[in-house]
Amino acid sequence: MVRQSQAPSGRHAFEPVSVSANGSRPLGMTRAFTRTLADDPLGGTVRRTVLPGGLRVLTESIPAMRSASVGVWVGIGSRDESQQLSGASHFLEHLLFKGTNRRSALDISAQIEAVGGETNAYTAKEFTCYYARVLDEDVPLAIDVLADVITDSKLDADDVETERGVILEEIAMQRDEPGDEVHDIFAALMFGDHPLAHDISGTPASIEAMDRDQIHRFYKRRYTAPHMVVAAAGNVDHEQVVTLVQKGFAPLLSDVDAEPAPLRDETATVPPAPTRLRVATRDSEQAHLVLGCHGLARRDERRFAFEVLGGILGGGMSSRLFHRIREDEGLAYSVFSSTSEYAETGLFSVYAGCTPDNAHRVLELTNEVLAEIAADGVTASELKRGKGMVKGGLVLGMEDTGSRMARLGRGELLFGDKLTVDEILAKVDAVTLADVAELAAVVLSRPRSLAVAGPFTESDFSGHVS
C-alpha cells in the first residue's frame, strides 16, 4: 500500500499501526497502515486499516452514542456459485451460527442476548453480512463471537441436515408469498443463464443435493481475509477494534503481505434477457406485476441522477406512477419503482399489486408513464422533490449505528472508497433537468420485460412487453 504523509483535508492521511495476529506473536509483516477517511460533521471519524493478509477494518467513531454495531462483510454471494452449488452462500450463512469449537449454537445467541444485544446475518447476490449490535462496552464480546463464527465453524453433518430442512421450508414460504416471488422471477428472467439469475436461497433440487463436504470446501476456499471487511460504528475506538480483530481473525491472517481482493470486474458483459415474459400461474386473488429493464452498473457516475429519477417515478405517494395508477384511477393499493445495482449491470423495475381484472390497465398506465418521461423528461418541481427524497433518505437513514456500519462495509466492499455524506449530497444537488432527461431517454427506452404471479398464463400478457 502506498504510504502518504499528508493529504488535503486529512481524508487520506496514513498512520502506521503495529499489528499482531494473535495478540502475542508479531507477524512477519509487523506493521499495517491506517488512514483517516473522513471527519464528517454528520457522522464521526472514519478510519481504515488493512491488516497483513488483506483483511480490512473500518470504524466510524461516534462518542455521543452508547451503542455500537459490528459487521463482517464477506464479498461472496449467490452470483459466485455454480449451478450445482446454487444456494451455498445462504446455506453457509445458516450453518456458521450452528456452533464452533468454543461455542454451541445456544452459546452464540445466548452470550449476545445476555448483554441485551442482537446478532444476525443475511446473504445477497454479491456479498454476505454477519453482524451484531451491542452496548459500547460489549464490543469486545461482539467481535469475539463474530470472529469465532466466521473462522472456526464446525459445520457438523447433523447440522447440515437440520438446516437443509429449514432452508427448504424457507424456499417454500417464499413461494407462498407471490409479492416476493415475482421479484425473483423478474431477476431470473432478466439475467437468463448468467449467475446473477441465481436465487439467493437456491432451488429445492440444489439444496437437497448439496452435501457437507461441498459446503465445507466452499467455506474454506471463499472465506479468506482479502475478501472480508470488518466494519464497526458507534462509540468505538479504532485501535481497540483493530487489536480485537487481529486476535479474533488470527486463523485467517498470515505473514504474507496480501492485498485486499480487487473490486469485481466492471467490464464484463451481461447478455440480454432471452425472453421478455414469464408468468408464474398462482391461484390467488391478486396479481403481482414487475415490469422493467436493465438499469445502471453500481459505479456508473449517472447513478445519482438515476436515484433522483427513481424517486420521481415511483418513490412515494407523490410519485408520478403512484398518482396516476392509485390516486387518479384507484387501480392498485401498492405501486413503486426500484433499482438493483451490480458490478457490471443493474435493473430498473416497477412493481404493482392489484386485482387480476385491473392488471392490464395497470400495465398500460405504467408503460404510458415510462414513455412520457423517456420522451419529455421531468418537471422542475419533480426534480426538486426527487432530490429531496434522495437526500432525506440518506441522512435520515444514518440515525442508528447499524445503518452507519452497513454504509462502511458496503462502501468498502462494493465501491472501494467511501464518499462522505457531504460529497454524496453535493452530487445529488448537482443533478440537473438535462441529466435526468438524458438518462430517462436512454434507460426507459430500453426493451422491457414482465414478470407476473397470479391466475394467468403467458398468453394473457403477450401484448405488454416490447
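This is a predicted model: local features need pLDDT of at least 70, side-chain atom pairs count only at pLDDT 80 or more; totals for chains, interfaces and linings use all residues.

User: OK, so is Leu189 buried or exposed?

Analyst: Leu189 has 0% relative accessibility, so it counts as buried. You'll find Leu189 in helix H5.

User: And how far apart are the C-alpha atoms of Leu189 and Arg56?

Analyst: They are separated by 36 Å, and the two residues are 133 apart along the chain.

User: Back to helix H5. Where does Asp180 lie?

Analyst: Asp180 is in that helix too, which covers residues 178-191. Asp180 also belongs to a patch of negative charge on the surface, where Asp176, Glu177 and Asp184 gather with it.

User: Switching topic: which side chain does Thr59 contact?

Analyst: The side chain of His238, through a polar contact of 2.8 Å. Thr59 itself sits in strand S4, residues 56-61. Thr59 counts as buried because its relative accessibility is 1%.

User: What about the loops? Where is Gly77?

Analyst: Gly77 is in the loop between strand S5 (67-74) and helix H1 (88-96). With 0% relative accessibility, Gly77 counts as buried. Its C-alpha atom is separated by 18 Å from that of Arg164, a residue 87 positions away along the chain.

User: Is Leu155 buried or exposed?

Analyst: Leu155 counts as buried, since its relative accessibility is 3%.

User: Now charges. How many salt bridges does the structure hold?

Analyst: There are 31 salt bridges in the structure. One of them pairs Asp144 with Arg102, with the closest N and O atoms 2.8 Å apart. Asp144 is in helix H3 and Arg102 is in the loop between H1 and helix H2 (105-113), so this pair ties together parts 42 residues apart in sequence.

User: Which other salt bridge does Asp144 meet in?

Analyst: The one with Arg103, at 2.6 Å, N to O. That pair also links distant parts of the chain: Asp144 in helix H3 and Arg103 in the loop between H1 and H2, 41 residues apart.

User: What does Glu372 form a salt bridge with?

Analyst: With Arg320, the closest N and O atoms being 3.8 Å apart. Glu372 lies in helix H11 (residues 359-376) and Arg320 in helix H10 (residues 320-328), so the pair ties together parts 52 residues apart in sequence. Glu372 counts as partly exposed, given 27% relative accessibility. Arg320 comes in at 18%, so it counts as buried.

User: Last one: which residues do salt bridges with shared partners join into one network?

Analyst: Arg79, Asp80, Glu126, Arg264, Arg298 and Glu344 are joined into one network that way.

Technical notes: Residues are numbered from 1 along each chain as its sequence is written. Side-chain values use heavy atoms; hydrogens and water are left out. Patches are made of residues with over 30% relative accessible area and no salt bridge: like charges are joined within 9 Å, nonpolar side chains (Val, Leu, Ile, Met, Phe, Trp, Tyr) within 5 Å. Accessible areas come from the Shrake-Rupley method with a 1.4 Å probe; for residues, only the protein chains shown count as cover. A salt bridge is a side-chain nitrogen of Lys or Arg within 4 Å of a carboxyl oxygen of Asp or Glu. Lys and Arg count as positive and Asp and Glu as negative; His and the chain ends are not counted. The place of a charge is taken as NZ of Lys, CZ of Arg, CG of Asp or CD of Glu. Helices (H or I, at least four residues) and strands (E, at least two) are DSSP runs, numbered from the N terminus. Buried means under 20% relative accessible area, exposed over 50%, partly exposed in between (1.4 Å probe, protein chains only). A polar contact is a pair of N or O atoms within 3.5 Å; within protein, one must be able to donate a hydrogen and the other to accept it, and residues adjacent in sequence count only if both atoms are side-chain atoms.
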